[in-house]
Amino acid sequence: MSPVVSHAPDKIGRYFLEDLEIGMRAEFERQVTEPMGEEFAEVTGDRNPLHFDKDYARGTIFKDRIAHGMISAGFFSTLFGVVMPGQGSIYLKQNLKFTAPVRYGDLVKAVIEVVKIEPEKSRVLFSTRCLVDEQMVIDGDALIMVPSRPL
């Protein structure tokens, strides 16, 4: 079984291409809060009432406000940038499928796993998933450029 790396906020990880193996995983957990939604809206301009207006949200299929999906999807950037592969990696591509809503107050666990390594191109394909109480809320994959170990 390949190791699971958890987020260590006091240290930036650094995995070179040669360090990675298929099946290696990393996880990051964070609660999604209303202030995050406000900050996300401030940065992006997305003030959809589904995220902020309880009366409006009650009339939708969700029956209550939901958080912006891209907040949870952004946790993948945390994993790739500071956990695994970490320093020096470059995010090239991300596919996302939102499978269930995230609500303010939910604890989201983002999980990435090495699926394919292309050493000749210095690229690694990762599966990307977010879960709330073991229910998948985001499913996808990402392509990351990972530097090789210096000679």
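Let's start just past helix H1, where Gly 45 takes a positive phi of about 85°. Before going further, keep in mind that this is a predicted model, in which local features need pLDDT of at least 70, side-chain atom pairs count only at pLDDT 80 or more, and totals for chains, interfaces and linings use all residues. Residues are numbered from 1 along each chain as its sequence is written, and side-chain values use heavy atoms, with hydrogens and water left out.

Now step back into H1 itself, which covers residues 34-44. Helices here are DSSP runs of H or I with at least four residues, strands are runs of E with at least two, and both are numbered from the N terminus. Met 36, Gly 37 and Ala 41 are buried in H1, where buried means under 20% relative accessible area, exposed means over 50%, and partly exposed is in between (1.4 Å probe, protein chains only). Looking down the axis of H1, you'd find its buried residues within an arc of 135°, so they line one face of the helix; the arc is taken from the directions from the helix axis to the C-beta atoms. Over on the other side of H1, Glu 39, Glu 42 and Val 43 are exposed. What do the buried residues of H1 pack against? They pack against strand S2 (25-31) and helix H3 (69-73), with contact meaning heavy atoms within 4.5 Å.

His 51 counts as buried because its relative accessibility is 8%. Leaving aside residues up to four places away in sequence, His 51 touches Asp 46, Arg 65, Ile 66, Ala 67, His 68 and Tyr 104.

On to the strands, where two count as paired if DSSP finds at least two bridges between them. S2 and S4 run antiparallel and are joined by seven bridges; Glu 27 has Val 111 in S4 as its bridge partner. S4 (residues 107-118) also pairs with S5, again in the antiparallel sense, over ten bridges. Here Val 108 partners Val 132 in S5, and Glu 118 stands opposite Arg 123. Four residues separate S4 and S5 in their hairpin, and Ser 122 in the turn has a positive phi of about 55°.

S5 (residues 123-132) is mostly covered, with seven of its ten residues buried. Ten bridges link S5 to S6 (residues 135-145), and the two run antiparallel. Leu 125 faces Leu 143 across this pair. Their hairpin has two residues between the strands, and Asp 133 takes a positive phi near 50° there.

Finally, the largest nonpolar core has 33 residues, and Leu 20, Val 32, Met 84, Ile 112 and Phe 126 touch the most other members. Such a core is a set of buried Ala, Val, Leu, Ile, Met, Phe, Trp, Tyr and Cys residues joined through side-chain atoms within 4.5 Å. S2, H3, helix H4 (75-83), S4, S5 and S6 each give two or more residues to this core, and the largest share, five residues, comes from H4. Beyond four places away in sequence, the contacts of Ile 112 include Met 24, Phe 76, Leu 79, Met 84 and Phe 126.
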